[in-house]
Amino acid sequence: MSKTGTKTNKQKVALVTGATGFIGAHLARRLVREGWQVHTVIRPDSNLPDAPEFKQVINHVHDGSTEGMVACVSQAKPDVVFHLASLFLSQHTTKDIESLIHSNVMFGNQLLEAMNVNGVGNLINTGTSWQHYNNEDYNPVCLYAATKQAFEAILEYYIQACGIKAITLKLFDTYGPDDPRPKLFHLLNKAAKSGEPLDMSAGEQMIDLVHVDDVVEAYLIAAQRMFEAKVSQHETYAISSGQPLPLKELVRLYAEVTKQTVAVNWGARPYRFREVMTTWKNFQNLEQWQPKMTLAEGMQKVLCKT
């Protein structure tokens, strides 16, 4: 594969945003292994993952302007854009407003405009199950989820007026090896090693965990739908394990699978504002996709990498 941007005959070309994040990095690596030519849009201060696949990735530095994004997409000439870049905040403060809007709305709008200008018509977008608090058609858990919905509203214009085709994959909780985020298993492993009790809520909230390898597979299946011309305008699917568990049960299973003792002070912390007690259920599944990694297998893999 050439690093100069020259694609070989019939080679699929992807442009990935959010490739420095956990899921985006796994997706970019998988695409390289599958023989795609992979381009990324990155910030000037981005730190790329230290993985051999990224030596074959072509990076385009975005200067923050719409014209700069148009140039990035023009240089990449992708068949499909995988949009994973976002700022996630479970709860925001006043000072977070500008960052949330810029990262989750403005950046995506610039990307759509650049796609339209350059005649790029296929987008795999990333949403969140948190757009559906209390299992409603739309009720955002937090401002982050609201910005995801705001982007989808802007996306609808480019679909209707400009002919862009899109698939939005709405993710539940994700996990896997090499996850730098301070998520549940990271906290449990840290508590097990230190022996210090971990303060948690009462633990009745339901959590739907999907391994990153299964999540990445969903993106590839979605792209294949694009190549097979199965998408007319905008399709939305949930990437769910189908087996959500209460937090207390997850902690019990983690201790059983990893054979580690985790001391938890249940009820020591209050539930978060608008805590997701019951996961979203009224969704459509992506055709030909289902999770292959069991939670127990996934836990073992995470443990082996820590």
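I began with the largest cavity and listed its lining: Ser90, Trp130, Val141, Arg272, Phe273, Arg274, Glu275 and Val276. The model I am reading is a predicted one. I sorted that lining by class and got four nonpolar, one polar and three charged residues. The space inside the largest cavity comes to about 40 Å³.

I then asked how many cavities of 30 Å³ or more a search of the whole structure finds. The search gives two.

I looked up the second largest cavity next, and its volume is about 40 Å³. Its lining consists of His83, Ala85, Ser86, Ser103, Asn104, Asn125, Lys148 and Phe151. Helix 3 and helix 4 (143–162) are the elements that each give two or more residues to this lining. By class I noted two nonpolar, five polar and one charged.

I turned to the largest nonpolar core, which has 38 residues. Leu31, Phe82, Ile124, Leu169 and Tyr219 have the most contacts inside it. Among the elements giving two or more residues to this core are strand 1 (13–17), helix 1 (22–33) and strand 6 (165–171). Helix 6 supplies the largest share, 10 residues.

I also noted a second, separate core of 22 residues, with Phe185, Leu188, Ala192 and Met200 among them.

Beyond its neighbours within four places in sequence, its contacts include Ile124, Ala218, Tyr219, Tyr237 and Leu286.

Last, I checked Asp96, in the loop between strand 4 and helix 3 (97–117). Is Asp96 buried or exposed? Asp96 counts as buried because its relative accessibility is 13%, and buried means under 20%. Leaving out residues up to four places away in sequence, Asp96 touches Leu89 and Gln91.

Terms used:
Residues are numbered from 1 along each chain as its sequence is written. This is a predicted model: local features need pLDDT of at least 70, side-chain atom pairs count only at pLDDT 80 or more; totals for chains, interfaces and linings use all residues. Side-chain values use heavy atoms; hydrogens and water are left out. A nonpolar core is a set of buried Ala, Val, Leu, Ile, Met, Phe, Trp, Tyr and Cys residues joined through side-chain atoms within 4.5 Å. Buried means under 20% relative accessible area, exposed over 50%, partly exposed in between (1.4 Å probe, protein chains only). Helices (H or I, at least four residues) and strands (E, at least two) are DSSP runs, numbered from the N terminus. Contact means heavy atoms within 4.5 Å. On a 1 Å grid over the protein atoms alone, a cavity is a set of points where a 1.4 Å probe fits but cannot get out, and a pocket is an open set with protein on both sides within 12 Å along at least five of seven lines; lining residues have an atom within 4 Å of a point. Grid points are joined across faces, edges and corners, and a volume is the space filled by probe spheres set on the points. Ala, Val, Leu, Ile, Met, Phe, Trp, Tyr, Cys and Pro count as nonpolar, Asp, Glu, Lys and Arg as charged, and the others, Gly among them, as polar.
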